[in-house]
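Thanks for coming. I will take one structure today and go through its helix packing and its cores.

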Amino acid sequence: MISYYQIELTADVIELYHNALKSYDVDSIAVATGQHIKTCKWFPKICELNELLKEHVPQLESKATDQAALVILMVSQNGYLNEPVWEDAITRHLFQRRFKWRSLCDTLTDDENKWFVKDFIQAYTAANDMCDGNPELLEAPKEFLQIANGLFKSIT
């Protein structure tokens with residue numbers, strides 16, 4: 001990169017880059033620097049490389065869409081009597097509070113899939129908003145939720 005961008009770096013600046021990037025493997029750094037070269041005219045700052053090296057986190061709607069597709073797949077694979085154990089905390093919450101597995105298996109047809117996906121994405125994003133992006137909060141003990149609901153009712 002030094003040759004490509006035709007710059008000179010001092011030993012202390014090289015050490016700064018080395019220390020800032022040492023937690024990443026060499027192959028990941030190579031990919032990130034390659035991406036940077038393709039899109040930027042100037043030698044990268046450490047923060048720019050860190051941004052390229054950050055693990056990709058899917059957008060909420062993409063995650064909700066993937067979970068809706070998984071639900072549809074499980075309906076066809078598992079059927080009425082074998083409700084899956086949901087690994088995703090929000091999906092698990094939705095099947096405890098919003099959707100009923102047996103009812104969904106009875107009513108979900110190929111024609112209804114697109115409506116289910118739309119409804120599921122909406123419910124998924126609402127649940128995410130409810131827990132402020134921390135799905136573990138959705139699984140609070142019922143006693144805690146009852147107290148919290150009582151507090152909010154007394155305020156309004």
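Predicted model: local features only at pLDDT ≥ 70, side-chain atom pairs only at ≥ 80, totals over all residues.

Next, is H93 buried or exposed? Its relative accessible area is 8%, and the cut-off for buried is under 20%, so H93 counts as buried. What does H93 touch, once its neighbours within four places in sequence are left aside? The contacts of H93 are then R98, A127, M130 and L138.

How do the two axes run? The axes of helix 6 and helix 8 cross at roughly 110° and come within 10 Å. Angles of 65 to 115 degrees count as roughly perpendicular, and therefore helix 6 is roughly perpendicular to helix 8. By class, this contact has eight nonpolar residues, three polar and no charged ones.

Now the largest nonpolar core. The core has 23 residues, and those touching the most other members are V71, L94, F95, W101, F116 and F120. Which elements give two or more residues to this core? They are helix 5 (60-78), helix 6 (89-97), helix 7 (101-107) and helix 8 (113-130). Take F116 as one of its members. Not counting residues up to four places away in sequence, F116 touches A68, V71, I72, F99, L104 and L108. Apart from this core lies another, of seven residues, including Y5, Y17, L21 and L49. As general background, nonpolar side chains in soluble globular proteins tend to be buried together.

Helix 3 covers residues 26-39 and helix 4 covers residues 46-53. Their axes are 9 Å apart, and the packing angle is about 110°. That angle makes helix 3 roughly perpendicular to helix 4. The crossing of these two helices is right-handed. By class, the contact of helix 3 with helix 4 has five nonpolar, four polar and one charged residues.

Methods:
Residues numbered from 1 in each chain as written. Heavy atoms only, no water. Core = buried A, V, L, I, M, F, W, Y, C linked by side-chain atoms within 4.5 Å. Buried < 20%, exposed > 50% of the residue type's maximum accessible area, 1.4 Å probe, protein only. Helix = DSSP H or I, 4+ residues; strand = E, 2+ residues; numbered from the N terminus. Contact = heavy atoms within 4.5 Å. Axes fitted to C-alpha atoms, helices over the stretch in contact; angles between N-to-C directions. Parallel < 35°, antiparallel > 145°, perpendicular 65-115°, else oblique. Left-handed = near helix turned anticlockwise from the far one by under 90°. Nonpolar A, V, L, I, M, F, W, Y, C, P; charged D, E, K, R; others polar.
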